[in-house]
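Q: I would like a close look at one part of this model, followed by an account of how other parts of the chain are arranged. Please set out the criteria behind each term as you go.

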Amino acid sequence: GNDEQEGFNLRDVPSGPIVLGFSQVGSESGWREANTASIKKAAERNRITLKFDNADGDQKKQIAAIQSYIAAKVNVIAFSPVVETGWDAVLRQARDAGIPVVLTDRLIETADESLYVSSIGAEFASEGNLAALYLENDYEDTSGHINVVELLGTRGSSPTKLRTEGFRETAARHGKLRVMDSETGNWTVAGGEAAMKKLLRRVKKIDAVFAQNDDMGLGAVKALQAAGKKPGTDVRIVTVDATRAGLTALAAGKLNYVVECSPEIGEQLMAVVVDLFFGGQVQKRVESQKAVFDSDSAADALPDRTY
Ligand code: AHR
């Protein structure tokens, strides 16, 4: 509302460089490493003093990091929440201390949206929509059902929930893609490989895999090869992220489609941080860029891929 907007404008301008406390999820994936690099680089470029903490996938550590930033009286706090729920108490502490909070990459579930000033990131549900759409179109000339298994990210995180919802929503539209089973691979290559092995035991006929990130898709490639199957041909694979490793496998025909989710949101975050103190309009929602790659466009994109 109006008060909120005024609050932004009246915020005290820091006397020196803006101090930003950032709590990162962890370093579970190639995407995450690129995201960390983007945030560090953008902070430096914008002369913002960054306090950075890696929570190793542990919500308790994230809460402790946020509390330490409150105690240190930073100017602004940003974090990428490892799970969706359980943030209200610590975010109220930040608000009581007059410190604005920005969500990056992932979202939280809260009854009080005023606990954060802005969120920056991808539309995870639409990534799931696109993954299903491209996979379905790939089977245009095939009649009958396509049996899909799903490799899920960490349970309770917003990309896991929303990519699952998006994929199922689009799959249900024509009913051709059938999600037979799913297993969590916790965003990692090793987790994806283990999950795929379990699914190969449980599901008799697997036509395709929806891996919710590149790393798990690369794990599935390993598991399929170990089972004597040719990934990308015998079993088609669609993933999300579009890291260099993902696009390399795609260009080599081991993956079939990759939906981009850009980790390079550091500059967008720093723009919001600066606007908070220097009078710019702060948007409640800032979207990152996306595209869908196939084998040819992956090969074209690879030379310029920085992560
Ligand atoms: O929140 C974004 C997701 O987190 C990425 O898709 C995944 O690779 C990362 O670990």
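Is Trp187 buried or exposed, and how many other C-beta atoms lie within 10 Å?

A: Trp187 is buried, with 29 other C-beta atoms within 10 Å; a residue counts as buried if 20 or more other C-beta atoms, placed from the backbone, lie within 10 Å of its own, as exposed if 12 or fewer do, and as partly exposed in between. The model is predicted, and local features are given for pLDDT of at least 70, side-chain atom pairs count only at pLDDT 80 or more, and totals for chains, interfaces and linings use all residues. Residue numbers start from 1 along each chain as its sequence is written.

Trp187 sits in the loop between strand 7 (177-184) and helix 7 (189-202), where helices (H or I, at least four residues) and strands (E, at least two) are DSSP runs numbered from the N terminus. The backbone of Trp187 has a positive phi of about 75 degrees, although this residue is not a glycine. Asp56, which is not a glycine either, has a positive phi of about 50 degrees, and its place is in the loop between strand 2 (49-54) and helix 3. Asp56 is partly exposed, because 13 other C-beta atoms lie within 10 Å, whereas Trp187 is buried. A positive phi is also found just after helix 10, where Gly279 takes a value of about 85 degrees.

From the loops we can turn to the helices. Two packed helices are described by the angle between their axes and the distance between the axes. The axes are lines fitted to C-alpha atoms, for helices over the stretch in contact, and the angles run from 0 to 180 degrees between N-to-C directions. Helix 5 (residues 124-138) packs with helix 6 (residues 158-174) at an angle of about 40 degrees, and their axes are 6 Å apart. That makes helix 5 oblique to helix 6, given that angles under 35 degrees count as roughly parallel, over 145 as roughly antiparallel, 65 to 115 as roughly perpendicular and the rest as oblique. The residues of this contact divide into nine nonpolar, eight polar and five charged; Ala, Val, Leu, Ile, Met, Phe, Trp, Tyr, Cys and Pro count as nonpolar, Asp, Glu, Lys and Arg as charged, and the others, Gly among them, as polar. Among the residues of helix 5 that take part are Phe124, Gly128 and Leu133, while helix 6 contributes residues including Leu162, Arg163 and Phe167.

Within helix 5, the buried residues include Phe124, Leu130, Leu133 and Leu135, and also Glu127 and Glu136. The buried residues of helix 5 pack against helix 6, strand 7, strand 8 (208-211), strand 9 (236-241), strand 10 (257-260) and strand 12 (292-293), where two residues are in contact if their C-beta atoms, placed from the backbone, lie within 7 Å.

Helix 3 (residues 59-71) and helix 4 (residues 88-96) have axes that come within 10 Å and cross at roughly 10 degrees, and these two helices are therefore roughly parallel to each other. Ile63, Ile66, Gln67 and Ile70 of helix 3 make the contact with Val90, Gln93 and Ala94 of helix 4, a set that has five nonpolar, two polar and no charged residues.

For helix 8 (residues 214-226) and helix 9 (residues 244-251), the axes come within 9 Å and cross at roughly 40 degrees, and the two helices are therefore oblique to each other. Here Asp214, Gly217, Leu218 and Val221 in helix 8 meet Ala245, Gly246 and Ala249 in helix 9, and by class the contact has four nonpolar, two polar and one charged residues. Gly246, in helix 9, counts as buried because it has 28 C-beta neighbours inside 10 Å. Leaving aside residues up to four places away in sequence, Gly246 touches Asp214, Gly217, Thr239, Asp241, Leu255 and Val258.

Finally, Leu20 lies in strand 1 (residues 19-24) and counts as buried, with 23 C-beta neighbours inside 10 Å. Leu20 and Ile48 are 28 residues apart along the chain, and their C-alpha atoms are separated by 6.9 Å. Beyond four places in sequence, the residues that Leu20 touches include Ala43, Ile48, Leu50, Val76 and Val273. Val273 is itself one of the buried residues of helix 10, among them also Leu269, Met270, Val272 and Leu276.
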